[in-house]
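I opened the model and kept notes on what I looked up. The entries follow in the order I made them.

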Amino acid sequence: MSAFVLAMLLGTGEPADALLASGDMLPIASEKLRECVVYHAVRVDDGSAPVDDLIAAARVHCATKLSIFRYILRGFVKAKNPSADADVITEGSELSVFRQASNEVSKLVEAGRNN
């Protein structure tokens with residue numbers, strides 16, 4: 001898949017000449033995934049669900065962005081170090097994005113529930 005198509009799927013104006021191997025699109029994919037998770041988690045908050053459940057529900061809504069993030073990250077990892085275990089690195093990076101989203105959701109949900 002070309003970087004241009006990935007950029008369009010993410011809804012960004014990333015130039016068409018961005019390459020997976022350069023990692024140009026990785027911060028964009030990471031940010032779009034985090035934004036998607038935060039948006040959907042906060043949107044479905046009914047005031048009683050734990051944040052982990054909200055994140056799990058949001059993950060379903062963000063499946064396309066998650067798949068794109070994984071694809072871009074694996075392409076970058078394999079280009080930099082072909083012998084690296086891309087699955088392990090991808091899993092760790094994915095957990096980091098979801099941890100950031102969870103922290104943000106916690107703050108937003110707490111603020112919303114206290115008002």
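With which side chain does the side chain of R34 make a polar contact? I found the side chain of E104 as the partner, at 2.3 Å. A polar contact is a pair of N or O atoms within 3.5 Å; within protein, one must be able to donate a hydrogen and the other to accept it, and residues adjacent in sequence count only if both atoms are side-chain atoms.

**Basis.** I am working from a predicted model, in which local features need pLDDT of at least 70, side-chain atom pairs count only at pLDDT 80 or more, and totals for chains, interfaces and linings use all residues. Residues are numbered from 1 along each chain as its sequence is written, and side-chain values use heavy atoms, with hydrogens and water left out.

**R34.** I placed R34 in helix α2; helices are DSSP runs (H or I, at least four residues), numbered from the N terminus. R34 is buried at a relative accessible area of 13%, where buried means under 20% with a 1.4 Å probe, protein chains only. Apart from neighbours within four places in sequence, I listed V97, Q100, A101 and E104 in contact with R34 (contact: heavy atoms within 4.5 Å).

**Core.** I then looked up the largest nonpolar core, which has 27 residues. Such a core is a set of buried Ala, Val, Leu, Ile, Met, Phe, Trp, Tyr and Cys residues joined through side-chain atoms within 4.5 Å. L33, V37, I55, F69 and V105 have the most contacts inside this core. Two or more residues each come from α2 (26-43), α3 (51-61), α4 (63-80) and α5 (86-114). The largest share, seven residues, is from α2. For L33, leaving aside neighbours within four places in sequence, I noted contacts with C62, K65, L66, F69, V97 and F98.

**Disulfide.** How many disulfides does the structure hold? I counted one, taking a disulfide as a pair of cysteine sulfur atoms within 2.5 Å. The pair is C36 and C62, with sulfur atoms 2.1 Å apart. C36 lies in helix α2 and C62 in the loop between α3 and α4, so the link ties together parts 26 residues apart in sequence. Both C36 and C62 are buried.

**Helix α4.** I listed the buried residues of α4 as L66, I68, F69, I72, L73 and V77. They cover an arc of only 165 degrees around the axis, so they are on the same side of α4; the arc is that of the directions from the helix axis to the C-beta atoms.

Note on methods: Buried < 20%, exposed > 50% of the residue type's maximum accessible area, 1.4 Å probe, protein only.
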